[in-house]
Amino acid sequence: MLIRRAPDILSSEITPEGLYLNRRSFMAAASVAALNVAWPGARRALRRVRDDDKPNSYQDITHYNNYYEFGTGKEDPAENAGGLRTRPWKVDVTGEIAKPGSYDLDDLLRGQTIEERVYRHRCVEAWSMVIPWNGFPLKNLIDRFRPTSRAKFVEFTTLYDPAQMPGQRGAVLPWPYVEGLRMDEAMHPLTLVVTGLYGRPLPNQNGAPLRIHVPWKYGFKSGKALVRIRFMETQPANTWNVAAPDEYGFYANVNPNVDHPRWSQARERRIGEFFRRPTQMFNGYADQVASLYAGMDLRRNF
């Protein structure tokens with residue numbers, strides 16, 4: 001699948017959602033085959049998600065969002081993000097790497113093979129979706145920068161521009177928004193650089209033009225509208241942990257056995273469904289990622 005700028009895509013070329021769902025079996029086979037070359041466990045992970053979960057509608061995915069840069073209401077991002085200018089766009093890459101620089105978005109995307117991956121997305125407020133993302137493994141991008149042996153963590157910083165992001169005009173969070181991962185988490189084959197969804201360009205309210213998705217963690221770990229990637233020897237101070245350290249830890253792994261101080265995480269409500277369902281450890285990806293945290297106290301490292 002080639003990436004084209006939104007103005008170059010005709011409405012007649014956008015795949016209707018119904019047709020998309022009918023062709024999912026074909027796309028599933030193609031994406032699993034591509035992933036299986038790099039990581040044999042991907043076949044089991046993707047098949048389980050596709051067999052058990054129907055993707056949420058494009059309307060749900062693009063109109064029920066947490067993106068405080070555009071407002072704290074779930075519908076605020078869709079209402080307020082339309083004017084965000086995503087071209088031209090540069091990402092500064094710094095820190096413990098051999099190839100630092102200010103990279104144009106097109107340079108970062110050039111040569112990347114865009115895959116479809118249907119992933120569960122779960123927010124700490126105990127709601128969830130199933131989203132057909134388009135993107136490529138973050139590892140592919142990191143390898144280009146050639147991290148040194150001192151790179152133990154990677155930090156992601158979101159655009160700070162109150163003129164375009166009205167939510168940043170208030171002090172609801174310390175801006176700009178910052179998130180981070182351990183290097184082994186960032187290099188895991190499931191961690192995705194997202195460039196689109198449902199085969200369309202990524203909407204502004206979902207993090208355009210470039211975001212991260214880490215499917216076994218709560219949604220706040222997945223930085224949006226990225227303008228800086230920094231490789232560090234020490235653990236970065238991520239925004240929600242700074243704002244509310246008793247409620248939001250650095251790791252943010254989906255764990256039904258560790259409640260948020262103000263609500264239970266044992267069950268979740270899939271958007272579009274009435275009844276709640278049990279929350280799965282690591283959001284259903286335990287077979288693939290639990291080994292990353294062997295020996296860690298997951299109640300302390302929440």
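**Note on salt bridges and the sheet**

1. Asp-106 is partly exposed, with a relative accessible area of 22% (buried is under 20%, exposed over 50%, partly exposed in between; 1.4 Å probe, protein chains only). This is a predicted model, in which local features need pLDDT of at least 70 and side-chain atom pairs pLDDT 80 or more, while totals for chains, interfaces and linings use all residues. Residues are numbered from 1 along each chain as its sequence is written, and side-chain values use heavy atoms, without hydrogens and water.

2. Asp-106 forms a salt bridge with Arg-87 at 2.6 Å, N to O (a Lys or Arg side-chain nitrogen within 4 Å of an Asp or Glu carboxyl oxygen). Arg-87 is in the loop between α5 and β1 and Asp-106 in helix α6, so the pair ties together parts 19 residues apart in sequence. Helices (H or I, at least four residues) and strands (E, at least two) are DSSP runs, numbered from the N terminus.

3. The structure holds 19 salt bridges. Another one joins Arg-270 and Asp-53 at 3.0 Å, N to O. Arg-270 sits in strand β11 and Asp-53 in the loop between α3 and α4, 217 residues apart. Arg-270 is buried at 4% relative accessible area, and Asp-53 is buried at 3%. Both belong to a salt-bridge network that includes Arg-120 and Glu-268.

4. Five strands form an open, mixed sheet in the order β2-β1-β10-β5-β6 (two strands pair if DSSP finds at least two bridges between them). The edge strands are β2 and β6. Strands β5 and β6 pair in the antiparallel sense over 5 bridges, and Phe-153 has Arg-182 of β6 as its bridge partner.
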